[in-house]
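I'd like to walk you through a structure, starting with the overall picture and ending with a few individual residues.

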Amino acid sequence: MIASSSVAGIEDSATIERSLEDGAAFAELFDRYYQLLYRFLRGRVGPDRAEDLASEVFAVAFRRRASYDLSRPDARPWLYGIAINLLRGHRREERRRLRAYERAAVGEGDSELAGELGEQFDPVLAGALADLSFDERTLLLLFSWADLSYEQIAEAVGSPVGTVRSRLSRTRAKLQSALRPPDAPAFELKGRPADD
Amino acid sequence: MTELDLLREAFVSVGDAEPRTIAQARRRLLEAIDSPTGGRPRRARPRRLTVAVIVVLAVVVASAVSLHGRLSAVSPAAAAARACGDSGAARNCLDALARVAAHGSLPVGVIRVTSDELMGPADVTPWKLPGVRRAFTVFAVNVRGVSIDAATGRTVVRTRPRGLWFPTVADRRAWIGAGSPSWPSMFGRQPARTTTRVLASPDSLYFYSLAAWQRATRSANPGAVLPTNPGRMLALLEQVNRLLGQPGPVGALATLPLRDPLLQPAQRAALFAALAETQGARRATLRDPRGRSGPAIIGPSGYGQLRWITLFDTRTSRVLAEGVQGADFGGSHTPPPHRVWLELYPAAPQSATQP
């Protein structure tokens, strides 16, 4: 389920604006988005690191709330942007984890580690994700896990929308290629719904 | 099934945060909000405590005024540190600052540290605020004062929103010249609200890491037991780093206790020596938003491309300003050049009086 930027008619930007005067109001943003951020981070670096990083995201966001562009009602791209900057320092750890999931399929990996994410995380998919660069993986997961639109991803990573679109297309094609069994036809490339 | 379906299916199996985790994280955020940099509205306080705080603050202010002149002396060691503001490697600069610190005197009595917390650049545009004639970049400022009673170890923190901060006098003139409104006319009243807190320990000096410092030193008051041996100091910093689960070098940590006005000169010198061991730190001559120029150490933070900046006063070895810089702080909200000053301290950031 994707959290809305508007809870009971209150936009994130209004909450942040209010928190400039009343810091405690910022806790509303935490209540709205902590779980989302935590799951995104947990999927990438595991539960222990996700706890720290998700907490740090809100600490950083709180300190920097005065620089938030209040014309943007949805704070998710901003929060994910902070999360990604924090994640950069853990990209090697993320890749190690993905390799562990991949190896678990052939009984070589850390089964406890692989168990954290459950059997749904396909070992081949984990290997393919590990082969992507941090930025490619980030774009893809912001799109598929965080369910951000192209414009929101562009806002989160600080790149032009056109660049995000083209890089995401290339990354998806790369991932498709990695997932395709030998001699199998290519996946059908489905676009996002029209409202994205 | 597309690759996106596979990814989404994988994400479904990612577990939620447990209620305990959420509660801990929320508490941590609320502590940050409640901290002196949080800008929390004034809470009702018992009258007795208010009176005590007023008395402490009065003593603090008096002491600050009476001893202002004490800090004007320039030690010989400061000359070497001043020279490193113009050239030289980070290590040489920090070694010189260590010598300045070692020759310092330990203040006693009631200590006062005041800093301006820059809440980050804010764009004030005509369409956001009525009466603003053209776009400006200003800073919102909180004034934070930390007072420590050396006898009791109690800390009093006072935070006061002070409104707009213009990077230069010219910026302020441009604002006025454009007929833009004053803070009261924009927000109804002068921001004079004050938040005062009495803390059992100087947590604000250690930011979020006080618990780790306490565990590493096995002391409720880490500043009192920090080692004076540079090697031991480095080992301690690495231990704190491990407890915090940070992958990065220790340099950013070393700057935290440097704000503690009760540190012994030898402890400060050891911190500078440990800081000099930080891989990847470099020296630069920078100017803070108050226009003060000096040697700054820029070092890796452990968080990707984010780097911490500490600007030093070569006369006293004290921290003048702190900030961060990086390629990008999170999307498009941070204007170039992606260097943000977070905290400004006065040139002589501490005053002391005999008990």
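Before the first number, one cut-off: two residues are in contact when heavy atoms of theirs lie within 4.5 Å. With that in hand, among contacts in chain A between residues at least 6 apart in sequence, 64% join residues at least 24 apart. For chain B, the corresponding share is 61%. Please keep in mind throughout that this is a predicted model.

Let's take the chains in turn. Chain A has 196 residues, and 54% of them are buried. Its secondary structure consists of 10 helices and 2 strands.

Chain B has 355 residues, of which 52% are buried. Here we find 12 helices and 9 strands. Chain B exposes about 16000 Å², with 55% supplied by carbon and sulfur atoms.

Now to the inside. The largest nonpolar core holds 65 residues. Which of them touch the most other members? They are A:Phe26, A:Phe58, A:Trp78, A:Leu79, A:Leu142 and A:Leu175 from chain A, together with B:Leu7 from chain B. The element that gives the most to this core is helix H2 of chain A, residues 26–45, with 11 residues.

Setting aside residues up to four places away in sequence, A:Phe26 touches A:Ile16, A:Ser19, A:Phe58, A:Ala61, A:Phe62, A:Arg65 and A:Trp78 in chain A, and B:Leu29 and B:Ile33 in chain B. There is also a second, separate core of 33 residues, and its members include B:Leu97, B:Leu210, B:Trp213 and B:Ala254.

Next, a helix pair in chain A. Helix H8, residues 134–144, packs against helix H10, residues 161–179, at an angle of about 95 degrees, and their axes are 9 Å apart. Angles from 65 to 115 degrees count as roughly perpendicular, so H8(A) and H10(A) are roughly perpendicular to each other. On the H8(A) side, the contact is made by A:Asp135, A:Glu136, A:Leu139, A:Leu140 and A:Phe143. H10(A) brings A:Val164, A:Arg167, A:Leu168, A:Thr171, A:Arg172, A:Lys174 and A:Leu175. What classes of residue does this contact have? The count is 6 nonpolar, 1 polar and 5 charged residues.

On to the backbone, where two residues other than glycine have a positive phi. A:Asp147 has a phi near 60 degrees. This residue is in the loop between H8 and helix H9 (150–157) of chain A.

B:Ser317 sits in the loop between strand E7 (307–312) and strand E8 (319–325) of chain B. With a relative accessible area of 0%, B:Ser317 is buried.

Let me finish with helix H10 of chain B, residues 230–244, which contains B:Arg242. B:Leu236 is found in this helix too. B:Arg242 is exposed, at a relative accessible area of 61%, whereas B:Leu236 counts as buried at 8%. Leaving out neighbours within four places in sequence, B:Leu236 is in contact with B:Trp213, B:Ala216, B:Thr217, B:Leu226 and B:Pro227.

Here are some C-alpha to C-alpha distances to check on screen. B:Leu236 and B:Ala254 are 18 residues apart in sequence and 9.9 Å apart in space. B:Arg242 and B:Ala212 are 30 residues apart in sequence and 9.0 Å apart in space. Elsewhere in chain B, B:Ala135 lies in the loop between strand E1 (110–124) and strand E2 (136–149). B:Ala135 is partly exposed, with a relative accessible area of 47%.

Conventions. Residues are numbered from 1 along each chain as its sequence is written. Chains are lettered from A and ligands numbered from 1 in the order in which they are written. This is a predicted model: local features need pLDDT of at least 70, side-chain atom pairs count only at pLDDT 80 or more; totals for chains, interfaces and linings use all residues. Side-chain values use heavy atoms; hydrogens and water are left out. Helices (H or I, at least four residues) and strands (E, at least two) are DSSP runs, numbered from the N terminus. Buried means under 20% relative accessible area, exposed over 50%, partly exposed in between (1.4 Å probe, protein chains only). Accessible areas come from the Shrake-Rupley method with a 1.4 Å probe; for residues, only the protein chains shown count as cover. A nonpolar core is a set of buried Ala, Val, Leu, Ile, Met, Phe, Trp, Tyr and Cys residues joined through side-chain atoms within 4.5 Å. Axes are lines fitted to C-alpha atoms, for helices over the stretch in contact, and angles run from 0 to 180 degrees between N-to-C directions. Angles under 35 degrees count as roughly parallel, over 145 as roughly antiparallel, 65 to 115 as roughly perpendicular and the rest as oblique. Ala, Val, Leu, Ile, Met, Phe, Trp, Tyr, Cys and Pro count as nonpolar, Asp, Glu, Lys and Arg as charged, and the others, Gly among them, as polar.
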